[in-house]
Amino acid sequence: MGETDEELWRECTTGNADAFGALFDRHADAVFRYCLSRCGSWHDAEELVSITFLEAWRQRDRLRPERDTVLPWLLGVATNANRNRARGSRRHADFLARLPHSDPRHGGHEADHAEAVASRLDAERAVRELLETTAGLNDGERDVVVLCLMNGIGQDEAARTLGVRTGTVKSRLHRARAKLAAMNRDPEPVEQLDTTTVEARLS
Amino acid sequence: MNLSEVTYPKDTKYRVQNLLVQEARRKPNLFRRPRRTRLWLTTAAAAAVVALVAGDVVGLAGWRGGATAQAAEVLNNAAETAIMTADPVVNPGQYLRVKSTNVWGSASTEADGSTYEWLDTEKLDLYIPADPADEWVWVRSGRVPTTFFDARTKEYVEKNDFNPLPELLRAPNGSFYGSPGGWVHTDMSALPRDPYRLLNSIYKQTLGKGQSVDGEALVFIADLLRTGVVPADLRAALYKAAAMIPGVTITENQANLDGRTGIAIGRTEEGPSKTRQEIIIDAATGLLIGERAILTEPQGSMPAGTAIGWTAIETSVTNTAP
């Protein structure tokens, strides 16, 4: 699996399904975290991940990776998929019907279940609380808070995800922080990450 | 609780990955888009060549051989039939009904690495109004698991509730699920009716995709034919174009598809997907029965020769739609 995202993506555009599977394997966790932080529901986030990758495959001719990660683009697809969730689920209904949802009640030991359920609820609660703190923000500001502060995505990557300039991300973040501070609710950044660490984490 | 510690649950991840790969493999070209090529013109001569290529006068078709004589004969006969049998006339208030049986491959991988393969069947019934701008009706049975290759898979599928999702859809212009592209993702009016130019035009759209240049051209033709809405003149040209693809041959004389028997015409591939695309033609009438993809090597519990995807279509004209 030494291939770069860019190499794998080029394979995808020639119709190579296995390369697509390798990219899924590489980015599913990050996309899942982002989806969870967007919709606040574990179940919906699992579905949204599938819709995101189905849409990514569908749109694969549109992307030309400029640098060596397709994650920002995938997060952009996820952002749109989340906005069109109702329509997207219908479009992919036959796929989603076959989709297994992880159910902590199946398989494994009792104690593990309790733990899995608890940590899942923890994650959902944490995300919902974070999302509540963003109630006073406009959509653009919320986008950068979710991407940069909740998901640790760098500002350049966030700009590519949202299709705006890095300067716009910076100013939105600045405004969002001011508003959150005024409400005394500045969310703790997940990790202080710059672009290089984000990329290092992906590889 | 730190969000960065959250991961996609492993068991779901494996299974979703498998479904996605299957989906991508099943429909690698459903949403094909012409690839834009940039041409740099320096001299008038280059411009002339470019004009010939752009007009599909010069291209990959013709000079690298073609289908075997027997396959070409079946295809050219089918083309004659298509021209002679006029398209059914759909009067105002009536519908063109395209009924199809579709089989798709499904697979799942468990967290412990065990894999399961089976086939789903979906019945589709499409009603296209005389004026395409009116409302289309599409009845989908949903995917019903129908074929298993071993008992453990059957048990697995039953246990995991892969239930079909029947749907009744209505949309003007065939824009189901809000898709702006409509029913056919290829602009059929823009395709040349001259078989040689048509094949060059297909090569230009499929080059670099699929498992081989010629294999992908045949897949393009099969994909278009299985929509059931290709007009007779284009259908004839598609058959003749298929007859010009190198490596295309008769793969089975008595191929059974959904209870009907026809001649299978395909192309043996050596690419990574280990499948062979075929179109199936009724030898007596020259009419298209359908298309299928055959596994050329065993895959999991599925033996070589399994049709892992097929569509049989039937068109008629009706006065009512559901």
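Which residues are buried in helix 1 (residues 5–13) of chain A? The legends below begin with that helix. This is a predicted model, in which local features need pLDDT of at least 70 and side-chain atom pairs count only at pLDDT 80 or more, while totals for chains, interfaces and linings use all residues. Residues are numbered from 1 along each chain as its sequence is written, chains are lettered from A and ligands numbered from 1 in the order in which they are written, and side-chain values use heavy atoms, with hydrogens and water left out.

**Figure 1. The buried residues of helix 1 of chain A.** A:Asp5, A:Leu8, A:Trp9, A:Cys12 and A:Thr13 are buried in this helix. Buried means under 20% relative accessible area, exposed means over 50%, and partly exposed lies in between (1.4 Å probe, protein chains only). Helices (H or I, at least four residues) and strands (E, at least two) are DSSP runs, numbered from the N terminus. After the helix comes A:Gly15, which has a positive phi near 95°.

**Figure 2. The largest nonpolar core, with 62 residues.** A nonpolar core is a set of buried Ala, Val, Leu, Ile, Met, Phe, Trp, Tyr and Cys residues joined through side-chain atoms within 4.5 Å. The members that touch the most others are A:Trp9, A:Phe24, A:Val31, A:Leu36, A:Val49, A:Phe53 and B:Leu20. Helix 2 (residues 17–39) of chain A supplies the largest share, 14 residues. At least three residues come from each of domain 1 (5–97) and domain 2 (134–202) of chain A, the domain bounds being taken from an automatic or database domain assignment. A second, separate core has 40 residues, among them B:Ala72, B:Ala79, B:Leu224 and B:Ile265. In soluble globular proteins, nonpolar side chains tend to be buried together.

**Figure 3. A salt bridge between B:Arg235 and B:Asp87.** A salt bridge is a side-chain nitrogen of Lys or Arg within 4 Å of a carboxyl oxygen of Asp or Glu, and the structure holds 23 of them over all chains. Here the N to O distance is 3.2 Å. The pair links distant parts of the chain, 148 residues apart: B:Arg235 lies in helix 7 (residues 232–242) of chain B, and B:Asp87 in the loop between helix 3 (69–84) and strand 1 (95–109) of chain B. B:Arg235 is buried at 19% relative accessibility, whereas B:Asp87 is partly exposed at 32%.

Figure 4. An α-helix has 3.6 residues a turn, so residues three or four places apart point the same way. B:Lys154 is partly exposed at 39%, and B:Glu158 is exposed at 51%.

**Figure 5. The salt bridge of B:Arg276 and B:Glu278.** Their side chains meet at 2.9 Å, N to O, and both residues are buried. Salt bridges that share partners join B:Glu252, B:Arg276, B:Glu278 and B:Arg292 into one network.
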